[in-house]
Amino acid sequence: MSENNISTSAPRDSQWREELRKATPVKERTSIPRVKMPELDPAYRVTCNEEVNQGLSEEAAVLEAKRCMDCPDPQCMTGCPVSINIPGFIKNIERKEFLQAAAVLKETSALPAVCGRVCPQEKQCESRCIYHKMKKEPVAIGYLERFAADYARNSGETASPAIAPKNGIMVAVVGSGPAGLSFAGDMAKRGYEVTVFEALHEIGGVLKYGIPEFRLPNEVVDVEIESLARMGVRFVKDCIVGKTFSYEDLHGMGFKGIFVASGAGLPRFMGIPGENFNGVMSSNEYLTRINLMGAGRPDYDTPVLKGTHVAVIGGGNTAMDSVRTARRMGAERAMIVYRRSEAEMPARVEEIKHAKEEGVEFMTLYNPVEYLADEKGRVRAMRVQRMELGEPDASGRRSPVPVEGAIEEIPVDLVIVSVGVSPNPLIPNAIKELEVSRRGTIVVNEDTLQSTVGDIYAGGDIVRGGATVILAMGDGRHAAAAMHERLSK
């Protein structure tokens, strides 16, 4: 550990922070350009599944940390759904107290190495950075979070937060995605006996089946899960709550509270002609077969359709993951087909950039209207409608409207539909007392995330219908605080 032994319980210690400010004046800090993330060469990375972003060196991380102004009222923290002490961990990096930086992260985040890779920092913490007022690029908070978490993992000294004495109260978590893991970590820190039930054969939920390893390596997720296990969290795989165990069974086993984080794994389709043809599939199925079940890898028998001309329908991060995966699976032509403009794509800017570098074509302002098949029932082409932007819709984005008569036919032999997901219906169907919205989401109190069944709380995609990893984690933290308040009365 650190020779200086800075206490993580007081990460904003005024003395050493004042020393840092004097060592590097404001003018010098603001003149430092934002760090660039080292990346694998595009020509090489499409041939493998290695992680594209290679991480910062110690020197680069320390220099980037010096850019942080350590604001008296750090607005970056208000943009973080899990309330990470951002200036606290960054200033520890500036002092080269890397393990202490990781410890500060672990105080509020169960998955810092994950968040540092996949969270949309540009729309959250970094969007509130004071550098925007100076017309400069914000501090690379996400890169620094990843650096600190990776440093701790690679050093073999993964940070663990303080844990209260066991209180003997058992709580159950349904689903091991980001919401469930975040909840489990916070409840374990409070002394609860936490058991996470996962329907699949791997722990991690969407972090394992939905996000490719070139963006989030499985070993990174596994280390975060192992950290929770060391905190006392118990994991049960291949267990479907609602089938293997009922709500009543969990009560009989002694659980006093249940957090439902079963996600939104039900794929949506567009309801257009030809979607039932062989070669038209959801992004959920495509990514799960490859990411979780090893399709395409040596020694794995899981089948998955491959295509030479692949179209991915959608413009979100899952669409980018799918089309970049298709390139790695051998697609000669891989296309994103999106009915709005690129400026309106919900995918992260970095993911769009990486896709373009890897040879992905972007067919923006196009919308598929029909798929055509060959004599064997395999998709052979798609008919697309040219679109133009009209008036803004309820989300504030300009609504796409068809250009009359502008329909084209494009050869494809694999179509991956990535236009959204619906909540997993198993828990809502199994517990009739739960109030469920028209969209199939569990209705909860906005402040406490408590459902209409008193001991059941819920968060993540089963409540939101589809959200980011960090928003799901924020739900887990809020639900843990609320359930703890209820159970400790």
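1. Buried here means under 20% relative accessible area, with exposed over 50% and partly exposed in between (1.4 Å probe, protein chains only). This is a predicted model, where local features need pLDDT of at least 70, side-chain atom pairs count only at pLDDT 80 or more, and totals for chains, interfaces and linings use all residues. Residues are numbered from 1 along each chain as its sequence is written, and side-chain values use heavy atoms, without hydrogens and water.

2. Helices (H or I, at least four residues) and strands (E, at least two) are DSSP runs, numbered from the N terminus. Helix α12 covers residues 218-230, 13 residues in total. From first C-alpha to last, α12 reaches 18 Å, close to the 18 Å expected at 1.5 Å a residue; the expected span is 1.5 Å times one less than the number of residues.

3. The buried residues of α12 are Asn218, Val220, Val221, Val223, Glu224, Ile225, Ser227 and Leu228. After α12 comes Gly232, with a positive phi near 105 degrees.

4. An open sheet is formed by three strands in the order β10-β11-β12, with antiparallel pairing. Its edge strands, β10 (366-373) and β12 (398-411), each pair on one side only. Two strands pair if DSSP finds at least two bridges between them.

5. Seven bridges join β10 and β11 (residues 379-392) in the antiparallel sense. Which residue of β11 is the bridge partner of Tyr371? The partner is Met382.

6. α16 (349-357) is one of the helices that each supply at least two residues to the lining of the second largest pocket. α16 gives the most, with four residues.
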